[in-house]
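Student: I have a structure to go through today. Could we take it one part at a time?

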Amino acid sequence: MKKQVSSVPFGVIGLGRFGTALVETLAKSGKEVIAVDKDEQKVKAVRKYTDFALVVEALNEENLQEAGLQNCETVAICIGEQVDVSILTTMLVIRMGIPHVISKATSREHGEVLKQLGATVVYPEADMAVRIGYRLISGKLLDFIYLNNEVEIRRIQIDSGILGSTVQEIDARRKYGINIIAIERDRQTQVDFSPQFCFQSGDIITVIGKVDNIDRFESAIQA
């Protein structure tokens with residue numbers, strides 16, 4: 001295990017497909033992430049995204065604190081198959097005083113227990129199927145991560161409504177209540193962009209916010 005870090009916005013426990021995708025998305029958006037798993041190969045695989053990828057053999061409070069997870073603002077527990085481990089780890093993380101705890105559930109019963117503990121519960125497979133269905137119907141399917149029933153991270157293809165406009169001019173935070181966290185151009189991702197960044201055809205933006213607000217923004221830029 002590497003040395004403990006003092007302050008990191010996000011922690012991810014469990015590096016299966018969902019946890020790994022979450023680490024990658026957050027890291028590519030310029031966020032620091034502590035990622036932990038007992039599988040050394042999975043930990044090695046995410047070290048290209050974060051310097052704080054740690055092997056934790058046992059998910060007890062001492063090991064989680066040694067990893068520095070008590071310093072995170074948000075911790076996502078991405079353990080689904082081992083329901084007992086998921087519940088115990090969620091309980092420990094909440095007891096550590098993390099402000100926002102998100103836990104992955106594989107069934108409604110599993111989710112109800114996690115809710116009773118105080119976690120925000122996500123059902124990645126069911127939620128993803130619903131969202132993909134709607135996105136396929138609309139014909140506008142790009143990558144996204146569904147964080148809970150209200151919030152997601154979504155990649156959006158720039159359309160005619162904002163071509164030639166700047167980040168400052170579209171004012172997404174004030175007008176739509178969403179944040180632009182990354183802009184892709186010519187297969188290069190920028191997370192440090194100025195308010196004067198001007199959108200061109202082919203650009204893709206990554207935003208985070210409530211689903212309804214993102215939908216409203218996406219409709220507006222196609223006008």
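**A buried histidine and its surroundings**

Tutor: Let us begin with His110, which counts as buried because its relative accessibility is 3%, below the 20% cut-off. Please keep in mind that this is a predicted model.

Student: Where is the place of His110?

Tutor: His110 belongs to helix H5, which covers residues 108-117.

Student: And what does the side chain of His110 reach?

Tutor: The side chain of His110 reaches the backbone nitrogen of Thr106, at 3.2 Å.

Student: Leaving aside neighbours within four places in sequence, which residues is His110 in contact with?

Tutor: With those neighbours set aside, His110 is in contact with Ile79, Gly80, Val83, Ser86, Ile87, Lys104 and Ala105.

Student: What about Asp84, is it buried or exposed?

Tutor: Asp84 is exposed, with a relative accessible area of 57%. Asp84 is found in helix H4, residues 83-95.

Student: How far apart are Asp84 and His110?

Tutor: Asp84 and His110 are 26 residues apart in sequence, and their C-alpha atoms are 9.3 Å apart in space.

Student: New topic: the sheet of 6 strands. What is the order?

Tutor: The order in this open sheet is S3-S2-S1-S4-S5-S6, and the pairing is parallel. Strand S3 (52-55) and strand S6 (120-122) stand at the edges with a single partner strand each, so one side of each has no neighbour in the sheet. On average, neighbouring strands of this sheet are turned by 20° against each other, direction ignored.

Student: How many bridges join S1 to S2?

Tutor: Strand S1 (residues 8-13) and strand S2 (residues 33-37) run parallel and are joined by 4 bridges. Val12 stands opposite Ala35 in S2.

Student: Now the largest nonpolar core. Which residues touch the most other members?

Tutor: This core has 19 residues, and Ile13, Val36, Leu69, Val75 and Val93 touch the most other members. The elements giving two or more residues to this core are S1, S2, helix H3 (61-67), strand S4 (72-77) and H4. S4 gives the most, with 3 residues.

Student: What does Val36 touch, not counting residues up to four places away in sequence?

Tutor: On that count, Val36 touches Val12, Ile13, Gly14, Leu15, Leu54, Val56, Ala67 and Leu69. Another core, of 18 residues, lies apart from the largest one, and its members include Ile170, Ala172, Phe193 and Ile205.

Student: Let us move to strand S9. How many of its residues are buried?

Tutor: In S9 (residues 179-185), 6 of the 7 residues are buried, so the strand is largely enclosed by the rest of the structure.

Student: Which strands does S9 pair with?

Tutor: S9 pairs with strand S11 (residues 204-210) in the antiparallel sense over 5 bridges, and Val207 in S11 is the bridge partner of Ile180. S9 also pairs with strand S10 (residues 188-190), in the antiparallel sense over 3 bridges. There, Thr189 in S10 is the bridge partner of Glu184.

Student: What do S9 and S10 form?

Tutor: S9 and S10 form a hairpin with 2 residues between them, and Asp186 in the turn has a positive phi of about 55°.

Student: Last one: which residues of helix H9 are buried?

Tutor: In H9 (residues 211-220), the buried residues are Val211, Asn213, Ile214, Phe217 and Glu218. Seen down the axis of H9, these residues fall within an arc of 160°, so they line one face of the helix.

Technical notes. Residues are numbered from 1 along each chain as its sequence is written. This is a predicted model: local features need pLDDT of at least 70, side-chain atom pairs count only at pLDDT 80 or more; totals for chains, interfaces and linings use all residues. Side-chain values use heavy atoms; hydrogens and water are left out. Two strands pair if DSSP finds at least two bridges between them. Axes are lines fitted to C-alpha atoms, for helices over the stretch in contact, and angles run from 0 to 180 degrees between N-to-C directions. Buried means under 20% relative accessible area, exposed over 50%, partly exposed in between (1.4 Å probe, protein chains only). The arc is that of the directions from the helix axis to the C-beta atoms. A polar contact is a pair of N or O atoms within 3.5 Å; within protein, one must be able to donate a hydrogen and the other to accept it, and residues adjacent in sequence count only if both atoms are side-chain atoms. Contact means heavy atoms within 4.5 Å. A nonpolar core is a set of buried Ala, Val, Leu, Ile, Met, Phe, Trp, Tyr and Cys residues joined through side-chain atoms within 4.5 Å.
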